[in-house]
Amino acid sequence: MKMDTIRRNADDTKKKLISAAREILAEEGYIAISENKICEQAGVTRGALRYHFPAGRYDLLNELIPQLFQQIPASHTQDCKSRLLELILFMQQQPVENPLVLIMEIWQATFADKDLRESVEKVLEQRFQVFFNVNTLEEIPEEIMPYRFMFWGAILSLQYHKNNNNGLQTIIDFMKAH
C-alpha cells in the first residue's frame, strides 16, 4: 500500500514537471526554461527534477516531445500538401499551446543549444513522419517546398502572434486555391 502511494506521488511529480515545462515553453519560449523556474512552477525541489530527469531540462524536453507528437491529429491522407493543410487547419482550431508551435520552439532552440540538440535529436526525427508522412526530409517531393514554407510560416506566425491567428486563414485559402 505504501509503495503504491510513493509510486503515485512520483508519477504526479513527474507530470507536474512536464506540465510546468510545457507552460513555460508556451508562455515564454525555450529561452525562459530553467530548472529553477520549472521547479518553482511545479512546486517541487530541484532534487525531484533531477531524480526524474537526471540531465535536467534536456531529459524533460526529450520526454515532452513525444507527448506533443501524440497531440497532433493523425493524417487522413498520404499527400504531403493535403497533410500540411490538415496541420494548418489544426493550428487554426487550437491556437493556444499548439503542439506544433511548441515542437518548433524546441527545434529552433537546438540550433543554439548543442546539449539540447544532442538530447532531442532522435525523438525530433519523428517530425518528418508526423508532419509530412515521410521518413526523411529527402522523401518530401520538391514541388511541396513552397507549401512547407507556408507551413513553417504559419507556425512562426502563431508562435509570435498567439492572440491573432487570422493569417492562418489566408494560408489556408491560398493552399486550397493552388
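The questions and answers below concern a predicted model.

Reader: How many helices and how many strands are there in the chain?

Author: Since the model is predicted, what follows describes computed coordinates. Read along the sequence, the chain follows the pattern α-α-α-α-α-α-α-α-α-α, and its C-alpha trace spans about 60 × 35 × 35 Å along the principal axes. The count for the chain is 10 helices and 0 strands.

Reader: Among contacts between residues at least 6 apart in sequence, what percentage joins residues at least 24 apart?

Author: Of the 178 residues in the chain, 46% are buried. For the contacts in the chain between residues at least 6 apart in sequence, the share that joins residues at least 24 apart is 64%.

Reader: Are helix 5 and helix 10 roughly parallel or roughly antiparallel to each other?

Author: Helix 5, which covers residues 80-93, packs with helix 10, residues 166-177, at an angle of about 155 degrees, and their axes are 10 Å apart. The cut-off for this class is an angle over 145 degrees. Helix 5 and helix 10 are therefore roughly antiparallel.

Reader: How do the residues of the contact of helix 5 with helix 10 divide into nonpolar, polar and charged, and which residues meet there?

Author: The crossing of helix 5 and helix 10 is left-handed. On the side of helix 5, the residues are Lys-81, Leu-84, Leu-85, Ile-88, Leu-89, Met-91 and Gln-92, and they meet Leu-168, Gln-169, Ile-171, Ile-172, Met-175 and Lys-176 in helix 10. The residues of this contact divide into 9 nonpolar, 2 polar and 2 charged.

Reader: What is the C-alpha to C-alpha separation of Gly-153 and Ile-171?

Author: Gly-153 has its place in helix 9, while Ile-171 is among the residues of helix 10 that meet helix 5. With a relative accessibility of 32%, Gly-153 counts as partly exposed. Gly-153 and Ile-171 are 18 residues apart in sequence, and in space their C-alpha atoms are separated by 9.1 Å.

Reader: How are helix 6 and helix 7 oriented to each other?

Author: The axes of helix 6 (residues 99-109) and helix 7 (residues 114-124) come within 9 Å and cross at roughly 135 degrees, and the crossing is left-handed. An angle must be over 145 degrees to count as roughly antiparallel, and one of 65 to 115 counts as roughly perpendicular. Helix 6 and helix 7 are therefore oblique.

Reader: Which residues of helix 6 and helix 7 make the contact?

Author: The residues of the contact of helix 6 with helix 7 divide into 7 nonpolar, no polar and no charged. Helix 6 contributes Ile-103, Ile-106, Trp-107 and Ala-109, and from helix 7 come Leu-116, Val-120 and Leu-124.

Reader: Why is the pair of Phe-131 and Trp-152 edge-to-face?

Author: Phe-131 lies in helix 8 (residues 127-132) and Trp-152 in helix 9 (residues 145-160), 21 residues apart, so that the pair links distant parts of the chain. Phe-131 is buried, with a relative accessible area of 1%, and Trp-152, at 16% relative accessibility, also counts as buried. The ring centres are 5.9 Å apart and the planes stand at 70 degrees, so the pair is edge-to-face.

Reader: Which residues form the aromatic cluster that holds Trp-152?

Author: Trp-152 also forms an aromatic pair with Phe-151, with 4.9 Å from centre to centre and 45 degrees between the planes, and this pair is tilted. Both Phe-151 and Trp-152 are buried. The one cluster is formed by Phe-69, Trp-107, Phe-111, Phe-131, Phe-132, Phe-151 and Trp-152.

Reader: What is the phi of Glu-97?

Author: Most residues other than glycine have a negative phi. Glu-97 lies in the loop between helix 5 and helix 6 and is partly exposed, with a relative accessible area of 28%. The phi of Glu-97 is positive, with a value near 50 degrees.

How values were computed: Residues numbered from 1 in each chain as written. Predicted model: local features only at pLDDT ≥ 70, side-chain atom pairs only at ≥ 80, totals over all residues. Heavy atoms only, no water. Axes fitted to C-alpha atoms, helices over the stretch in contact; angles between N-to-C directions. Helix = DSSP H or I, 4+ residues; strand = E, 2+ residues; numbered from the N terminus. Parallel < 35°, antiparallel > 145°, perpendicular 65-115°, else oblique. Left-handed = near helix turned anticlockwise from the far one by under 90°. Contact = heavy atoms within 4.5 Å. Nonpolar A, V, L, I, M, F, W, Y, C, P; charged D, E, K, R; others polar. Phe/Tyr/Trp six-rings, centres within 6.5 Å; stacked < 30°, edge-to-face > 60°. Buried < 20%, exposed > 50% of the residue type's maximum accessible area, 1.4 Å probe, protein only.
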